[in-house]
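Please open the structure in a viewer and keep the selection tool at hand. The stops below are meant to be followed in order.

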Amino acid sequence: MSLPDRNNPYSFEAFLNQLHGFDFYADDPFLQKVLKYFATEEFVELDRKLREFSPRVSFRWRPLTDTGGNPRKLPYMEHYNAYNRRIDRIVRTAETLQLEKEIFNEGLFSAKVTSWERMAKRYLLHQLGEFGVMCPIACTEGLVALIKQFPEDHTPEVKAILDHCTEGLNNEFGIGAQFVSEIQGGSDIPSNLLEAVPEGNCYRLYGTKFFTSAIHADYAVVTAKVSGSEDVGTFVVPAWMPGDKEKEIRNNFRINRIKWKMGTAEVPTAELEYDGTLCYAVGPTNRGVANAVGIVLTLSRIAVGIASAAGMTRAAREAQLYAEFRDVFGAKIGEWALANKQVRDLVQEAQRCLAGVCKIFALFKELGGRLQPGLASDEPLEMRRRRFLLRELIIIQKLVTAYDSVDILRKAISIFGGHGVIEDFCSLARIFRDAVVNELWEGPRNVLLMQVFRDMGRAAEFYSPDQFLDDLLSGAPQTEIAELGRRALEFAAKPPFQELDKDSRRRAAAWEEFIVDVFRVYQETALREVGPEPIIGSGKMRMPEIWR
Ligand SMILES: Cc1cc2nc3c(=O)[nH]c(=O)nc-3n(C[C@H](O)[C@H](O)[C@H](O)COP(=O)(O)OP(=O)(O)OC[C@H]3O[C@@H](n4cnc5c(N)ncnc54)[C@H](O)[C@@H]3O)c2cc1C
């Protein structure tokens, strides 16, 4: 009970001190443990680098992320300059530009950065809940990997693009984008209509793309069909030819509109029109679907997994800190059983997600950090199977974690009560909207669910579904493996997606549940391997006993 007080002394300072004093790496014992477990002998050096890097993320860049997505400061476009010249200038906030410069200048794609270092740094960066920089970071990774995969296509122009994006030029790093989706379809890449007309050893593009994020980028990977062909190729397209960027003369394309989006608001996503845009083919022009999906989108799907784990971690951490701070009905939120269980579940799910992400990343690293576009391969059987396992794990991880993170964000927001949806009180509302986008781009859920089914059928001649399942679930309790194996038989007998009758619809939904359950077991196995650890270091914990 309390008496009236016209000078209500309530203050959030104690909570803010905890929240804003939190070092995303040094104060997160679980993160240290999971990296130590999976990065093995690399960990000592990795730990040193992350302790040096993390304060920049936690204390310098975090405050800069709160403006870019503000509806009053969204990116916009100036089509013409004062002299009536078409420039399609993208205007972004000073904070986003500063973030972009400082984060890209970390040289994440340089040969000097190891793959675990890059992955762990990106996990920390994704906790910022910011896509104005992190979307182009993911796209740049795809661009770099695509170019590296095809050294035979390294003309001086393409080599210069690669160097710009990896090692930088005059202390400035090239920024990548990826433009695949057209108005008639995003998932259905073979339906692309953009035309690539050969010109010498280059091409010129004519036509439109309808979803082009990071439109401010220097280069884009673009899918298009060579004139007269039904095959899709992948092309690297400079936004400006050398010397033209400063003059704002674009490489023969117009940006028609910047889309108004629910999430990832700080990254400008546009609709554009190519009209004789010079570009370079990278990879065979009849293998563009396999290369775009198998390399570029697959890397972005790994990034979605990392971003989902990071978003969930931030949500769980902030919900826990708030539950330790705020009194409701005479006790802390976290001291009430319903809320206590809710926060524990958030922490458990965030940790399960991160453990799974790291386990898959360890496999990616073990396979040389190289992706295999398509299923055909001359490699020995065991290696072929490992690559297939990795491919499917990345797809399943994307579809499960992106879906989960929306749910986790919503539940974390609810711990904050009304303050959870106040945009300048809590960043989780922004991260929630971004999570919804993560579910859609790089392959929506249904498309990926069907892809896994199709892939398992196509791979059956070298990898039987039960062997595949056994390998994927290796380390899980035998009873769970046996139960999932039994459930898999239903789909082997009759494919679930062909008919629209009631039983087919039931089996299609059962496939979705099956895939999610398989991945849950995978994540739980990964988490068990790592072992328990809090997500907030003991020095930061105000009431550790309530979480025991
Ligand atoms: C914010 C944002 C930014 C984006 N940025 C880019 C970008 O930079 N570059 C780019 O190339 N693209 C970008 N995209 C596009 C994105 O990749 C596509 O939206 C995505 O691939 C899905 O394509 P679509 O929108 O055409 O949906 P569709 O393919 O039309 O799918 C619509 C629905 O149908 C379902 N569906 C499709 N096929 C099947 C099936 N066989 N069975 C059952 N259900 C099915 C899907 O799961 C989905 O629910 C962006 C999207 C968003 C939201």
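Begin by selecting histidine 216, which is buried at a relative accessible area of 7%, since buried means under 20%. The model is a predicted one, and the values given on this tour are to be read accordingly. Histidine 216 belongs to the loop between β5 and β6, the latter spanning 219-226. Display its side chain together with that of glutamate 100: the two make a polar contact at 3.3 Å. Then extend the selection to the surroundings of histidine 216. Beyond its neighbours within four places in sequence, histidine 216 is in contact with Ile90, Arg92, Glu100, Gly132, Pro136, Trp240, Val267 and Pro268.

Next, select strand β9, residues 269-281. Of its 13 residues, 11 are buried, so the strand is largely enclosed by the rest of the structure.

- Strand β5, residues 202-213, pairs with β9 in the antiparallel sense over 9 bridges.
- Strand β7, residues 232-238, pairs with β9 in the antiparallel sense over 2 bridges. Phenylalanine 235 stands opposite alanine 281 in β9, and valine 236 has tyrosine 280 of β9 as its bridge partner.

Remain with β7 and colour its residues by burial. The strand is mostly covered, with 7 of its 7 residues buried.

β6 and β7 pair in the antiparallel sense over 7 bridges, and threonine 223 has threonine 234 of β7 as its bridge partner. The two strands, β6 and β7, form a hairpin with 5 residues between them. In the turn, select glycine 228, which has a positive phi of about 80°.

The next stop is the ligand. Select the 21 residues around the ligand, of which Val180, Ser181, Gly186, Ser187 and Ser213 come nearest. A polar backbone atom of valine 180 is 2.7 Å from an oxygen atom of the ligand. For glycine 186, a backbone N or O atom lies 2.7 Å from a ligand oxygen atom. In serine 187 the side chain provides an N or O atom at 2.6 Å from an oxygen atom of the ligand. Taken alone, the ligand exposes 970 Å², of which the protein buries 64%.

Colour the shell around the ligand by residue class: there are 9 nonpolar, 10 polar and 2 charged residues. Then colour by secondary structure. β3 (176-179), β5, α12 (428-440) and α13 (445-459) each supply at least two residues of this shell.

Finally, move to helix α14, residues 465-472, and select leucine 469 within it. Is leucine 469 buried or exposed? At 6% relative accessibility, leucine 469 counts as buried. Leaving aside neighbours within four places in sequence, leucine 469 is in contact with Leu484, Gly485, Ala488, Phe514 and Val518.

Technical notes:
Residues numbered from 1 in each chain as written. Predicted model: local features only at pLDDT ≥ 70, side-chain atom pairs only at ≥ 80, totals over all residues. Heavy atoms only, no water. Buried < 20%, exposed > 50% of the residue type's maximum accessible area, 1.4 Å probe, protein only. Helix = DSSP H or I, 4+ residues; strand = E, 2+ residues; numbered from the N terminus. Pairing = 2+ DSSP bridges. Polar contact = N/O pair within 3.5 Å; in protein donor to acceptor, adjacent residues only side chain to side chain. Contact = heavy atoms within 4.5 Å. Near = heavy atom within 4 Å. Areas by Shrake-Rupley, 256 points an atom, 1.4 Å probe, with all protein chains shown as cover. Nonpolar A, V, L, I, M, F, W, Y, C, P; charged D, E, K, R; others polar.
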